[in-house]
Amino acid sequence: MKGIKDNIDALKNLSFLSVVVESGEDDLADSLYCLMKQNRKAVAEKLSA
């Protein structure tokens, strides 16, 4: 966990947003696809407001 925290801190200093995903029993690709789809929808709604 410390290695992950160090990487997150380094990326934050470069203005990147880090996301740590644990897929568990579900397919990681499907989970990431749904997350990206939801984020794009939220951005589109924010821009159209």
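Q: Which residues form a nonpolar patch on the surface, and with how much accessible area together?
A: In this predicted model, Leu17, Val19, Val21, Leu28, Leu32 and Leu35 form the patch. Together they have about 520 Å² of accessible area.

Q: Why is leucine 28 called partly exposed?
A: Partly exposed covers the range between the buried limit of 20% and the exposed limit of 50%. At 36%, leucine 28 falls in that range and is therefore called partly exposed.

Q: Which residues gather in a patch of negative charge on the surface?
A: The patch is made of Glu25, Asp26, Asp27 and Asp30. Like charges are joined into a patch within 9 Å.

Q: Why is glutamate 25 called exposed?
A: Exposed means over 50% relative accessible area. Glutamate 25 has 81%, so it counts as exposed. Its place is the loop between H1 and H2.

Q: What makes the contact of aspartate 9 and lysine 5 a salt bridge?
A: The rule asks for a side-chain nitrogen of Lys or Arg within 4 Å of a carboxyl oxygen of Asp or Glu. For aspartate 9 and lysine 5 the N to O distance is 3.3 Å, so the pair meets the rule. By this rule the count comes to one salt bridge.

Q: Why can such side chains pair?
A: Side chains of opposite charge can pair when their charged atoms come close. Here, aspartate 9 and lysine 5 are four residues apart in helix H1, which means that about one helical turn separates them. Aspartate 9 is partly exposed, at a relative accessible area of 30%.

Q: How do you know that the span of H1 agrees with its number of residues?
A: At 1.5 Å a residue, the twelve residues of H1 should span 16 Å. The end C-alpha atoms of H1 are 17 Å apart, which agrees.

Q: How many helices and strands does the chain have?
A: The secondary structure comes to two helices and zero strands.

Q: What share of the 49 residues in the chain is buried?
A: Buried residues, those under 20% relative accessible area, make up 0% of the 49 residues. The chain exposes about 4,900 Å², and carbon and sulfur atoms supply 58% of it.

Terms used
Residues numbered from 1 in each chain as written. Predicted model: local features only at pLDDT ≥ 70, side-chain atom pairs only at ≥ 80, totals over all residues. Heavy atoms only, no water. Buried < 20%, exposed > 50% of the residue type's maximum accessible area, 1.4 Å probe, protein only. Patch = residues over 30% accessible without salt bridge, like charges linked within 9 Å, V, L, I, M, F, W, Y side chains within 5 Å. Areas by Shrake-Rupley, 256 points an atom, 1.4 Å probe, with all protein chains shown as cover. Lys, Arg positive; Asp, Glu negative; His and termini not counted. Charge placed at Lys NZ, Arg CZ, Asp CG, Glu CD. Expected span 1.5 Å × (residues − 1).
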